[in-house]
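Hi,

Here is the structure I promised to pass on to you. Have a look at it first, and then read on for what turned up in it.

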Amino acid sequence: MNSSLCNYCTENQIQDFLLSLHLTGTLTHSPKAELALLYGLANHAEEHYERVLLPKKDGSKRILHVPDSVLKHVQKQILRQVLMEIPVSSYSCAYQKGSSLSQNAAPHKGQKLLLKLDIHDFFGSISYISVYQHGFPCERIPDPVRTLLAHLCCYKDMLPQGAPASPYLSNLVMKPFDEYMGNWCREREIAYTRYCDDLTFSGDFNPKEVYRKAKGFLNRLGFEVNSRKTHIISQKNRQEVTGITVNEKLQVPKNYRRQLRQECYYIQKFGLENHLKQTGCQDSSAKYLQRLLGKIEYVLQVNPEDMEFQELKKRMKVYRKNDE
């Protein structure tokens, strides 16, 4: 819908536009009931979230706000019917179809210098107004509908981590930064990618200049750089991007591959059942093999030409076939 036309929509036209999005699906059986549910959810969104704590590697807790089944359904429809129609930046490598850790790491392979930045409290720093402005642009959506959709996707005027629409919305909010910073870096032959709240720059450049540029723009957008997670890494040291080593080729870190080799070795030497008993694993053999093969697949996704893990994959598949 053209933005000039959106400004002159009647109340009935706005309601028709909202109903055309089919946000409630089978939850309601009439237009009146659908509108009542959507406005009810938007006006009392805070009542429809559960606070969940997840342990992090450093021992702290990650706080999620997870919507209940009704609001979650509506948010999934917003994601499918509205948000995914809006493209995100090509510099963003998370939360979209076809994106991966490897895609995020690949541009930084074999570079002289690596600069890694982290955004503090990423989702919690994204405000309602940012969601309204960047997630639901006026060129596509009438203002009253933009307001409603933004309220349906926010919790206490922020973007909740743990809600289905939040990851894609975060990419749309970051799109102006990604495009500006990506173009600025390209002009200087610097590679730039972002994976959620992890920003990576690589090449032959002055890291202080890039840091100041990125930090200044992020501050204007309401974000704060986590100084404790800012790293400048030369080629003389191990350069990792979102858990993938990029010094010479893309590769999963040595300790990860070593542990996988060891697991496969013990299975082949002592047998699968004995290995599970020795390790005290409570999973079924089928579940254990599925997880093990998933880890091997990850190694091969990062480096498809790893002949050693191609062979390990074949051998572990034999165990899985025999276990069926």
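In this predicted model, Ser130, Val131, His134 and Gly135 of helix α6 make contact with Leu169, Leu172, Val173 and Pro176 of helix α8. Sorted by class, the contact of α6 with α8 consists of 5 nonpolar and 3 polar residues, with no charged residues. Helix α6 covers residues 128-135 and helix α8 covers residues 166-187; their axes come within 9 Å and cross at roughly 80°. Since angles of 65 to 115 degrees count as roughly perpendicular, α6 and α8 are therefore roughly perpendicular to each other.

Now to the pockets. The largest pocket has a volume of about 1,400 Å³, and 40 residues line it. Which of them lie nearest its centre? They are Lys56, Arg62, Asp118, Asp197 and Lys229. Three strands, β2 (61-67), β3 (113-120) and β5 (198-203), each supply at least two residues of the lining of the largest pocket. Of the elements involved, β3 gives the most to this lining, namely 5 residues. By class, the lining of the largest pocket is made up of 17 nonpolar, 13 charged and 10 polar residues.

The second largest pocket has a volume of about 180 Å³. Its lining is formed by Arg238, Thr245, Asn247, Glu248, Lys249, Gln251, Val252, Pro253, Lys254 and Arg257. Here the residues divide into 5 charged, 3 polar and 2 nonpolar.

Finally, the overall layout. The domain assignment of the protein gives domain 1 as 11-234 and domain 2 as 254-322. Taken over C-alpha atoms, the centres of domain 1 and domain 2 are separated by 36 Å.

If you open the model, you could begin with the contact between α6 and α8 and then turn to the lining of the largest pocket, with Lys56, Arg62, Asp118, Asp197 and Lys229 nearest its centre.

Best wishes

Notes:
Residues numbered from 1 in each chain as written. Predicted model: local features only at pLDDT ≥ 70, side-chain atom pairs only at ≥ 80, totals over all residues. Heavy atoms only, no water. Domains from an automatic or database assignment. Axes fitted to C-alpha atoms, helices over the stretch in contact; angles between N-to-C directions. Helix = DSSP H or I, 4+ residues; strand = E, 2+ residues; numbered from the N terminus. Parallel < 35°, antiparallel > 145°, perpendicular 65-115°, else oblique. Contact = heavy atoms within 4.5 Å. Nonpolar A, V, L, I, M, F, W, Y, C, P; charged D, E, K, R; others polar. 1 Å grid on protein atoms, 1.4 Å probe; cavity = no way out; pocket = protein on both sides within 12 Å on 5 of 7 lines; lining within 4 Å. Points joined across faces, edges and corners; volume = space filled by probe spheres on them.
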